[in-house]
Amino acid sequence: GAGLAREAVRRGMKVVLADRDADALNAVATELGEAALAIPTDVADAASVEALAAAAYAAHGKVDMVFNNAGVLSTGLSWEIPADRWQASLDVNIGGVVNGLRAFVPRLIAAGQPARIINTASVGGFLPSPFMAPYCATKFAVVALTESLAGELAMLGSPIGVSLLAPGPVKSEIFREQPDASSRDFHSAMTSMLD
């Protein structure tokens, strides 16, 4: 997310940044200066994302791009990953995208102007991996949701474009969770690809 924001500002865009970690969010906003507005947001909470959309429109009057980019990763054997970590994956990785669409798409349709929605999935959304069942399952769902959204907007004749971003390993905070014993070697191999 921070990398996307930096590139957008480098290209002359104004950005509205969202993250549940207010300190990290404000640090990136401070780095980017006047082009950035920071709105602490929990994408798993529909009301929080609705407040984000309202703040973005209040600040700028319009939105040209929406990046649904939040994600969490839990590693381990699928049957050993605790229920709360499975639920967090569902709430953030799928629910966050759904909440983003529910908050922004009606506003974008009402504006009737060209815009773009970009949903971040992963290579894991096409190629499932051992020790990453919650992540892969939710990213498969993001792929399907994105394709459904694109079809719906096309059927409406909307000028809103839809894209799917599906990166491989990316240097980010997603690997910060400590792995279970069963996936320690896998987690270490994944993080070593980022150095």
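Predicted model: local features only at pLDDT ≥ 70, side-chain atom pairs only at ≥ 80, totals over all residues.

Trainee: Which residues of α3 are buried?

Mentor: The general idea is that an α-helix has 3.6 residues a turn, so residues three or four places apart point the same way. In α3 the buried residues are Ser48, Val49, Leu52, Ala53, Ala56 and Tyr57. Their cover includes strands β1 (15-19) and β2 (36-40) and helix α4 (83-111).

Trainee: In what order do the strands of the open sheet run?

Mentor: In general, strands of a sheet pair through backbone hydrogen bonds, either parallel or antiparallel. Here three strands form an open sheet in the order β3-β4-β5, with parallel pairing. β3 (65-68) and β5 (160-165) are at the edges with a single partner strand each, so one side of each has no neighbour in the sheet. From one strand to the next, the twist averages 15 degrees.

Trainee: How many bridges link β4 and β5?

Mentor: Six bridges, in the parallel sense, with β4 made of residues 115-120. Within this pair, Ile118 stands opposite Ser163 in β5. Helix α5 (residues 133-155) packs on the sheet and touches β4 and β5; the direction of α5 makes about 165 degrees with that of β5.

Trainee: Is Asn119 buried or exposed?

Mentor: Asn119 belongs to strand β4. Its relative accessible area is 0%, and buried means under 20%, so Asn119 counts as buried. The side chain of Asn119 makes a polar contact of 2.9 Å with that of Asn68. Leaving out residues up to four places away in sequence, Asn119 touches several others, including Val97, Leu101, Val142 and Leu164.

Trainee: What pattern does the whole protein chain follow?

Mentor: The chain has six helices and five strands, and along the sequence they read α-β-α-β-α-β-α-β-α-β-α. Of the 195 residues, 38% are buried. Among contacts with a separation of 6 or more, 60% join residues 24 or more positions apart. The chain exposes about 10400 Å², of which carbon and sulfur atoms supply 58%.

Note on methods. Residues numbered from 1 in each chain as written. Heavy atoms only, no water. Pairing = 2+ DSSP bridges. Helix = DSSP H or I, 4+ residues; strand = E, 2+ residues; numbered from the N terminus. Axes fitted to C-alpha atoms, helices over the stretch in contact; angles between N-to-C directions. Contact = heavy atoms within 4.5 Å. Buried < 20%, exposed > 50% of the residue type's maximum accessible area, 1.4 Å probe, protein only. Polar contact = N/O pair within 3.5 Å; in protein donor to acceptor, adjacent residues only side chain to side chain. Areas by Shrake-Rupley, 256 points an atom, 1.4 Å probe, with all protein chains shown as cover.
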